[in-house]
Structures are given as C-alpha cells and as structure tokens.
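Have the structure open as you read.

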Amino acid sequence: MQGGTGRARGGNPYFFLSYAHTPRNDAGDADPNAWVKKLYDGLCEHIMQLTDLPPGTKAGFLDQGMAVGTRWTDELSENLARCKVFVPLYSPRYFISEQCGREWWAFSQRQANKRARGGAAWESAIIPALWVPVEPAQMPQVSRDLQFNHATFGQDYAEEGFYGLTKLRYLRDEYERAVYRLAKQIVKIAKETELDEGQVYTEYESLPSAFGRTGHPPEFDISVLAHTRSDLPAGRKPDYYGDRPRDWNPYHPVSALSLGDHAANLVRTMDYKVNIGDFENDAEHMLRQGAPKAPGLLLLDRWTLDSDQGRRLVGKLCGDRRPWISVMIPQARDDIAPTEKEQELRSLTARTLASRMPNGSGHCSPNGGVRDLDAFGNELQKAVISAVSYYWENARTYPPEGPPRKPPRLRGPDLG
C-alpha cells in the first residue's frame, strides 16, 4: 500500500490535508486524486517560503494510501496528533466518508482539550478548503459551525473550488492565488493556536465520526449533579465549585472549563446538538416514564450522595431501568478525602449505583477511576456510545403514515 506524504516520525507538520479519495471509473484511467497531490505540493512549496523549516522537510501530511477498506495507519494517526492545522477538503464525497469524519473527530479532540486547559473559547485550527463547493444542507453541523468565508481566497475560488480552478484554464492565475492565500492562512493559524500534541489512536474502527452516522440521534442530554459553593459539606474545599451545580470543575486548576461545558464540547464533535443543565432541575425531564426522547449523560459529584436529595435523585435513576442515560463519576487524582471519609464515599457510591453494575443496565464509569482530563475524554467516548446504543434499543418507533397496507401476494410462474 502506498504510504503518506509528510514529516518523518517525531516531526510536527504545519497541516494535515484531509480528503475523500475519488475512485477510478476504470482500471486504466489516470489517478483522479493526482490533482489533490498537486494542491498539496503547492501548499508545501509556499509554506517552505513563508517559514524557517529546515531543508528536506515537508510542511504537511497527505495520506495517499487510505483507500476504501484499508486500515488506519500509525503514520496517519501520529500526524493527526502532531499537526498544527487541519485542512478538510470539502466535496460531496467528503461528508459521507467515515474515514474523513474520524480524522476530523480525532483532530477536534485536541481543540476541545486546549479550550478546557485555558485556550481561547472559539479559536479554531481547522481551515476548510473547497475542492468542490458544497451546499450547507449537505454539511454536518460541525462544518456549518465554522462559518468560514471562502471568498477571502477569491470569488472564483468560492464559486468553483480548487477542482474547478484546475480544470478551467482561464482561471489558472486564480488557482495560484487561492493556493497561496490558503498557505498563508495555515501559517497564520498555526502560530496563533499552538495546540498540544494529541492522542495517537490505533483502534480506528472504534472512533466516532464528526459527521454522525446513519440513524444518528440529533440531540444529546448532559446533566450535572454537584454541590455549589453555598451548600458544601463540612470540610469540602470550594475550589472545584461555582454558583451553580453545572459550574463544577473537578479537574481544577488543570482545567479552566466546567466539566459540563468540556463534556458538551466533546459531544458536539460527534455531531450532536447538546442540551446541558443541572440534574435537580432536569430530573423530571430525564427520568420521565416511557421511551427516551434523547440519549443522555449524568456527571456525578460523589459528594452529593452524602445528602438525602442526592441519594434520592440517583436512586430514582438507578431504580428504574434507564440504560440510555450513562453515568460518569469524575474524581481528580489529587482530590482525596481523609481516609475515613474516602472509604465512606466509596462505599456510598458503590451502594447507590449497585443496580448499574449488571450488564444491560447502562454505562457507569469505575468508582474513582476517571482521574484526569485525558481519562475523562476516553471514558466519555464509551459513555456516549453506550447511551446511544441503548437509546435505539428503547426508543419508540412509529409506523409510516397512512392506512395499513396488506402485504403483496407473491405468485409463481405457474399461477398465471
């Protein structure tokens, strides 16, 4: 299999060019992806001029071997984890590609973690490029949220995309202008964002797609059950709390975001509309009888189980079978109570959530097992996948509109 084009291991390419491979119509046809390689080479050439990269290095990464049905490579995953900027090459084929959706998702985790650790609220290191113009209705929510003005690279580019500019000879100058402007934008954004290196994923098939999937629920509920600074139990430090339960930030000071907001950012990268609130207010909505309206997640501050109200609410969740609501119990590594209290909290948490332990009861993270932001992100993937799976098992289905129809009678060739 032909490999990728990019920096050697240990390097940090300026950009990762993500694109949907166009299949050949006939085995003897020229490679239809050769024009993408030309675009990639042009961007690398300009970036070498615009930066001080040493001779012999490549400015970006382009995978030339991930055809349909091939496996995610270590080289691809390492470059996604280290590149400075992600450049999705828009086309109708792009947004139906599981591979491209997973690449977008993997990169977006780095952005979400940057925001949680104090990065600018809406800075983005994703720069969309047009291969072929795509109507907004064909795009998933993550791409519509970028709100990128393609006309800044030229009006002809915005109307035709790079593919159109390569095929229309009279627009050759516009093609060169658009490539140069995209290269300048890559260098600019790379300097402004400075993302930390991300996780190198090896289990490609298990990763979610940023574009959703067939039958993808449109919404996801996140609710927080936590103390506030005004109702803390004796001896509990206020550092992790705010004025509202949803302000709870158990990974302070590493995280600058509340846990609910960080979880919402991560779930949005899976193409959901996220509803976030406080469990005391949301309980009537999330714990109502009948089929679920949306999959959900409860972020549980174990200290709330020290109160009658906390035990009542969690007991109600666990008392009735609601596996489409996952439960996570974050606890920072250095947030350890005095020995006697720690043992009491662990025992109380285990008893209250005991009915969540059998298979089929819904996801419940290990008691005290989600110890830092990276562990939280990894556990959240499992929690969301589980909630969505159980949601579909339990969601109400509706028959098609109109009067019922009798099944057709099948007649064999000898029945006339």
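**Helix 2 against helix 3**

Helix 2 crosses helix 3 in a right-handed way (right-handed if the near helix is turned clockwise from the far one by less than a right angle, left-handed if anticlockwise). Keep in mind that this is a predicted model, where local features need pLDDT of at least 70, side-chain atom pairs count only at pLDDT 80 or more, and totals for chains, interfaces and linings use all residues. Residues are numbered from 1 along each chain as its sequence is written, and side-chain values use heavy atoms, with hydrogens and water left out.

- Helix 2 covers residues 74-82 and helix 3 covers residues 98-116; their axes sit 9 Å apart at an angle of about 40 degrees.
- That angle makes helix 2 oblique to helix 3.
- On the helix 2 side, Leu76, Leu80, Ala81 and Arg82 meet Gln99, Glu103, Ala106, Phe107 and Arg110 of helix 3 (contact means heavy atoms within 4.5 Å).
- Sorted by class, this contact has 5 nonpolar, 1 polar and 3 charged residues.

**Helix 3 against helix 7**

- Helix 7 spans residues 259-268, and its axis comes within 9 Å of the helix 3 axis, crossing at roughly 165 degrees.
- So helix 3 is roughly antiparallel to helix 7 (that label is for angles over 145 degrees).
- Here too, helix 3 passes helix 7 in a right-handed crossing.
- Gln109, Ala112, Asn113, Arg115 and Ala116 of helix 3 touch His262, Asn265 and Leu266 of helix 7.

Notes
Axes are lines fitted to C-alpha atoms, for helices over the stretch in contact, and angles run from 0 to 180 degrees between N-to-C directions. Helices (H or I, at least four residues) and strands (E, at least two) are DSSP runs, numbered from the N terminus. Angles under 35 degrees count as roughly parallel, over 145 as roughly antiparallel, 65 to 115 as roughly perpendicular and the rest as oblique. Ala, Val, Leu, Ile, Met, Phe, Trp, Tyr, Cys and Pro count as nonpolar, Asp, Glu, Lys and Arg as charged, and the others, Gly among them, as polar.
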